[in-house]
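Thanks for coming. Please have the structure open as I talk.

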Amino acid sequence: MSGWRFLPLLRIELRLILREWLTWAVLAALLAALCLGASTGARRVAAERAAIAQAVEDSARSRREAKETAARYAGPSGVKINYWQDPTHAFGYMHYFLTAYAVKPPTPLALLSAGQSEIQPSVMKTSFGFSTVFEDTAYDLTSSAALRLGPFDLAFVLVYLVPLAVIAVAGTRLAAEQDTGIVRLIAAQPVSPRLVAGAKFGAAALILIVAVVGGTALALLLAGLRELPPGWATTLAFLAVALGAYVGVWVAACALAVSLWRGAVASLTILVLAWACLVVAVPALFGLAVDALAPPPSRIAAIDASRQVQDAFYRGDEAAKVTGAWLVARMPGAAVRPDLREAPQIKRLARDAFYDRTLAPYRAAMQARAEGAAAWSARLALLSPAATLALALETAAGTDAGRHAAFLAEASRYRQSVRAFFEPRILSQEVRPATVCADCTARLDFDAYDVVPDFPVAGAANAAWRQALWSALGLCGLMLVLAGLATRRFAGWSL
Amino acid sequence: MSRVGAELRLLGRDARVRWIGTVLVLLMAMTGLGAWQTARQAGDEVSRVIAAERTRWLGQDAKNPHSADHYGLWVFRPSSPLAILDPGTEPRTGRMVRIEAHLFNEAVYRAVQDAGPFNRAGLSDVSDIVGLVVPLVALLLGFAAFAADRERGTLRLALGNGAKPGPLFAARFTALTLVLLSLVCLPLLTLGSVAIASLGTEGWQAWPRLFAWVAVQAVYGAIFLLVAMLASLLARTARGALTISLAAWIALCLVAPRLATAGMEMVQPAPSYRETRLRIEADMRPHKSAESNETRAQEALARYGVSDPRELPVDLRGLMMVENDHHAFAVYDREVGAFFATLAARESAFGWAGLLSPRVALQRVSEALAGTDFAQHAHFVWSAEAYRRAISERMNAEIRDNPQHGGRPLLAGPDLWRAIPPFAATPLPLSRSLGEIGVPTAILSLWLVLLTAVSIPLIRRVAP
């Protein structure tokens, strides 16, 4: 393909495509869809940020109220203060006042994809009650109808609609000329079919890549994305390459379909059916595959197990035995004091530790499943261009299953760290109760409100750029393979 | 009739119809039987745990009634047998509620949480197949009805021989509808019958629900058959008709439903359950404070005209528990009630979104008829809450009516545990479900009527 002949042809094709009303109609519709997708994403991100701000405020409020209540209880009072609601006591503060949250903040590119965010919340209240058998019970109940139909987010536009736009613009290039007989005229000229096809699909690719990547950038700007923290610009650049390659894949697929020389409508039919397979059917099959490769453990069996543990603890003198063993493990000397074994605070700590230990295999199985499903999803996604791009967008948005699995694990560790913070304090207060104020009904032996550990928020930048890079490489590779196959098939004219 | 018979014979000889039919039936059978197997296993597991929970409740050691109230139990949402055809809200709203003192717990463990990102691609159950694939099948069956004959020149021949376009259209449409109905309705009826015969159906009015559900799916298929026939009347070639049909499928089955969710979010944003919970906690906190408890205790003593709790004819702690719970019940009724009402209104509003696409209307009608809609979920949640309140009231009354003045703890035993009946959730009747879907059913009918109305002038003007 010599450059001096290709470039003029390319220029002509560019002008032709840009003169067609269909091109502008398709691109305008696509731009509107991109802007709508970005705006729904921006609204979702704003709601997530508001939820996190509310959680932070709620935590601050609980600390503030605990301090105010502690100040009220600091002097003698006739009011009876139960141990479980005494903010001046480590147990009372931990179980009644403390309001701690595990949060998964949206990434700077969160408006790209709703991903799993609608079913996996980004704010989880840390609970120490028995109701939380597992970490992932938190859920913001919402409209089921909307969940079933799916969100109109940028990922939907880019993964589902962009290929259709590409098919509409490029799916009939050369095939339309075949239908009208113009191909015969072209074939009579001293140009090879590869040169003609290269110019036609190259021009379409240029216009579509610029329109899709530029349109997405414009939609992101209009939705309020201005500055990115360090590192995220690289992710965005890789995503732009992946998106350009995704467009390229579909343009190459158009060229391949046209190279069958079956005419315009047959090409369109083949392409739409290929789209339905790759974008809808194959991901659905992958879903079945993930369930088979990482089968979810039974939630009902886990509930039954949790009830068996609860039943065992309260049966006969099991509670006393468990509490005694728990005390021996922590303070060997204290175990001989029978009053400690009957102290409700100690009994509660021992009970929760017993539940945690006995149900640990179920929690581990659930966590392993979440991580396994995320890992298999990431591997399988590489086999489909649509799933690859969707995963890159979700990972950049921080709404992917992998990040949520890591978030659940971190939330579990956080709950344990908060428990570990309070446990020795509660124990020491029970073993050596110190009277601070003779006529006070509050215990007045805890005021470490400001040093309770906060949830360590993890970043998602590394996973985001890695996935974007892998997806970009995968899609570029596929684009080259399809383009190569099409080039091979355009060896001669089919007249 | 002879014309319909001839059309049916032609379709019977068409390999394309056999292939399409085989793929559709296999797809529905595999998905439906997979769902049936899962439902059977889950049903067995739930029955086992319900029995175990009852045994645990009745067999618990002697303890204070309030401790028993905290011990609680789990209750499970009864699953409709037709959930294997349309799981509706079931995977998204949770089926299990922990019943315990003080807490209006939400239903937990949604199957959708265990599903990976791919499971949201849109083909995870039979209703998805009906919503997405049946239209495609209808379009593939119908696109060539007139366009292929026009392309071959046989339409000119038929019209030239005096065939009237109206009866020709009616015969072809009837034949195609019969084929589509046999491909769609027979497998669905078979799957539904298997589910009804093998899964629990008590209170579900399962057979009327099944027939109504299948009838609606048939109407939905017929709508897309009409779209294909219209495309066939409009296009000059079969390929052109196919292009129009595929474009209609993408617009109506894929793009419009998502546009409906975006539009709904703008018109009627979803209420936040988290914010509802925050409001409930904010309301409860001052009521539960030590000072507030003290004030209410003094008020209770004053009501009985005594100054010492030991002089009361009832147990003060029990009395306070009753009052505290009544306050909590009122807060839950107000806040959770408002939340559920808003969510229900939003679900109903999706019925109007059926104007954008028959798929949106079908979803609303389908899950209501299958007994898996939001109304059934809300009914279960409130039934579970009523059961929780009944347990709390009984336990609190036991404490209140048996004052323990010597400081001895009150211990209750099996007699009290047996006084609590097992949880029995009855589904909402079919008449109630039908009342919920008036708008989307009317909209589905409107689609059918409008398409028929549009096709009449096109049939009259059909060109060879």
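**Helix packing around α15(A)**

This is a predicted model. I start with α10(A) and α15(A), which pack at an angle of about 75 degrees, their axes lying 8 Å apart. At that angle, α10(A) is roughly perpendicular to α15(A). If you want to find the contact on your screen, look on α10(A) for A:Leu278, A:Val279, A:Pro283 and A:Phe286, and on α15(A) for A:Pro385, A:Ala386 and A:Ala387. By class, the contact of α10(A) with α15(A) has seven nonpolar residues, no polar ones and no charged ones.

Now a second partner. Helix α15, residues 385-397 of chain A, also packs with helix α17, residues 461-489 of chain A. Here the angle is about 160 degrees, and the axes are 8 Å apart. Because angles over 145 degrees count as antiparallel in this scheme, α15(A) is roughly antiparallel to α17(A). The crossing of the two, α15(A) and α17(A), is left-handed.

Which residues meet there? From α15(A), they are A:Pro385, A:Thr388, A:Leu389, A:Leu391, A:Ala392, A:Thr395 and A:Ala396. From α17(A), they are A:Ala463, A:Ala464, A:Gln467, A:Ala468, A:Ser471, A:Gly474, A:Leu475 and A:Leu478. The contact of α15(A) with α17(A) divides into ten nonpolar residues, five polar and no charged. Note that A:Pro385 is listed in the contact with α10(A) and again in the contact with α17(A).

Next, the chain as a whole. Chain A has 17 helices and two strands. Its radius of gyration is 31 Å, whereas the globule rule gives 23 Å for 495 residues, so chain A is more spread out than a compact globule. The C-alpha trace of chain A spans about 105 × 40 × 35 Å along its principal axes. Of the 495 residues in chain A, 48% count as buried. Among contacts in chain A with a separation of 6 or more, 86% are between residues 24 or more positions apart.

Last, the other chain. How many residues of chain A are in contact with chain B? The count is 63 residues of chain A, against 67 residues of chain B. The largest share, twelve residues, comes from α10(A). The side of chain A that touches chain B has 35 nonpolar, 17 polar and eleven charged residues.

How values were computed:
Residues numbered from 1 in each chain as written. Chains lettered and ligands numbered in written order. Predicted model: local features only at pLDDT ≥ 70, side-chain atom pairs only at ≥ 80, totals over all residues. Axes fitted to C-alpha atoms, helices over the stretch in contact; angles between N-to-C directions. Helix = DSSP H or I, 4+ residues; strand = E, 2+ residues; numbered from the N terminus. Parallel < 35°, antiparallel > 145°, perpendicular 65-115°, else oblique. Left-handed = near helix turned anticlockwise from the far one by under 90°. Contact = placed C-beta atoms within 7 Å. Nonpolar A, V, L, I, M, F, W, Y, C, P; charged D, E, K, R; others polar. Rg over C-alpha atoms; globule rule 2.2 N^0.38 Å. Buried ≥ 20, exposed ≤ 12 C-beta atoms within 10 Å, placed from the backbone.
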